[in-house]
Amino acid sequence: IKRNPHEPEFHQAVKEVAESVIPFINQNKQYQQAHILERMTEPDKVVSFRVTWEDDEGNIRINRGYRVQFNNAIGPYKGGLRFDPSVSLSVLKFLGFEQTFKNSLTTLPIGAGKGGADFNPKGKSDREIMRFCQSFMTQLYQHIGPNMDVPAGDIGVGSKEISYLFGQYKRITHRVESVLTGKAIEYGGSLIRTEATGYGNAYFMQAMLAHHQHDIKSKTCLVSGSGNVALHCAEKLIHLDAKVLTLSDSSGTLFIPDGLTQEQLEKIKDIKIQQRKRLDVLTHEFDCEFFENKKPWHIKAELAFPCATQNELTEEDAKQLADNACIAVSEGANMPCTPEAVKVFHDNKILYAPGKAANAGGVAVSALEMSQNSIRMSWSHEELEEKLHNIMKQIHDKCVQHGENEDHVDYVKGANIAGFIKVADAMLAYGVV
Ligand code: NDP
């Protein structure tokens, strides 16, 4: 805390990992002697820069951009860019640190990074977003490269923003190379990247339930958020014959008691992704309830998928889920459940999959996008979905391997230890660097 003051999100992420990894390190002295965990909590490099751009009225605007290159022991830095007013060094360090374990769990050769800016894309015109992205990349380009650091999208950065960023990279460097993932299909993007995080989360839940002799079919589900992760998680749940009761956004929760249909989901995609409107505009059309400024967690359901943002599911929310006999929670977002909420899950024997394992499908398909770009080939939708499904099953099994206790599987411990070992062994092999 003294070394990293005013970074509460980063402290929270490190504490959660340290609690499960330190007992393991104490039994494996080679990691202790080499101070591997201390080295892993210090990013390799942090860059921060001014992003100056002009709005449509001709006003000069200034934002702060960052790239946190956390750890490249097992591959080039890899992790998203987030454009949101809540972006701070603490948030990006927490995300970059988590990414180290997540990327390691995918079994693919990718290191960990995260970046972004405190820029709010909401309400901005396309031209303003383009000018912001160009100015951002003018600073960022010197720190990234296909074998050095390959950023992707995150909150506020979708394929449109990635295209503007890539256009500027190409203009400055004269190079057309795999320096960003999440690209449009026309110029090197991968099929199912958009769907991968949400689909992967549903697959992880399916594997976790199967391991505990439950079937995902017909289970009632609460999904929070209505962004990329939430919508595709809901879509895969529908494919798997589960019943999605909610989606939400920052204005409240849409409750569909009979279960969301694919047709309704398409309508929501249009409203949220194309039109960028609030979910409540659909209340009348769907003939359902909208809980203004409320989260979904008070509604009775068997499964919960927090897919919106960090710390969105609190201790009180977790108690409501427990009172309503929820059996499992799988995180689509990064760190959406507070530590107090996780304790409630543990005390009530609710299965709990942390985001670093359950939402790793997105970065896994990003790594597959890098592979496809390198071999100048594209895999089909079916091939990629099969690869994604297998990766999620493998991540699940690794969590079980390292997290199995006498009477339950501790998925947090399993994910942290499995993610730690691969990076730690590579760092040991490199010596003192
Ligand atoms: P999007 O920007 O597409 O969607 C975010 C959604 O969350 C929106 O529906 C937004 O509502 C809602 N939201 C944001 N803040 C709040 C809040 N305080 N209360 C309620 N709802 C809120 O982001 P993504 O879906 O891409 O990402 C969601 C999470 O998943 C993030 O934690 C991200 O880091 C994580 N993640 C994303 C990956 C990806 O592939 N996209 C990969 C791995 C993790 P509104 O529309 O009103 O703003």
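Author: The domain bounds used here come from an automatic or database domain assignment. The model is a predicted one. On that basis the protein chain is divided into domain 1, residues 43-190, and domain 2, residues 194-358. Taken over C-alpha atoms, the centres of the two domains are separated by 27 Å.

The domains do touch. In domain 1, 7 residues are in contact with 5 residues of domain 2. On the domain 1 side of that contact, the classes are 4 nonpolar, 1 polar and 2 charged.

The ligand also involves both domains. Its shell draws at least three residues from each of domain 1 and domain 2. In total, 23 residues surround the ligand. The closest are Gly227, Asp249, Ser250, Ala333 and Gly362. Two elements give two or more residues to this shell: α8 (228-239) and β7 (243-249). Helix α8 gives the most, with 3 residues. By class, the shell holds 14 polar, 6 nonpolar and 3 charged residues.

Strand β7 leads on to a sheet. This is an open sheet of 7 strands, and the pairing is mixed. The order is β9-β8-β7-β6-β10-β11-β12. The edges are held by β9 (289-292) and β12 (351-353). Each edge strand has a single partner, so one side of each is left without a neighbour in the sheet. From one strand to the next, the twist averages 15°. Look at one edge in detail. Strand β8, residues 252-255, is joined to β9 by 4 bridges, and the two run antiparallel. Within this part of the sheet, Gly252 stands opposite Glu292 in β9.

Strand β3, residues 77-83, pairs with β5 in the parallel sense, over 4 bridges. Opposite Val150 in β5 stands Lys78.

A helix covers part of this sheet.

Helix α1 (residues 8-27) packs with helix α4 (residues 89-105) at an angle of about 25°. Their axes are 6 Å apart. Angles under 35 degrees count as roughly parallel, and α1 and α4 are therefore roughly parallel to each other. From α1, the residues involved are Pro8, Glu9, Phe10, Gln12, Ala13, Val14 and Val17. They meet Ser90, Val91, Lys93, Phe94, Phe97, Glu98 and Phe101 in α4. By class, this contact has 9 nonpolar, 2 polar and 3 charged residues.

How values were computed. Residues numbered from 1 in each chain as written. Predicted model: local features only at pLDDT ≥ 70, side-chain atom pairs only at ≥ 80, totals over all residues. Near = placed C-beta within 6 Å. Nonpolar A, V, L, I, M, F, W, Y, C, P; charged D, E, K, R; others polar. Contact = placed C-beta atoms within 7 Å. Pairing = 2+ DSSP bridges. Axes fitted to C-alpha atoms, helices over the stretch in contact; angles between N-to-C directions. Parallel < 35°, antiparallel > 145°, perpendicular 65-115°, else oblique.
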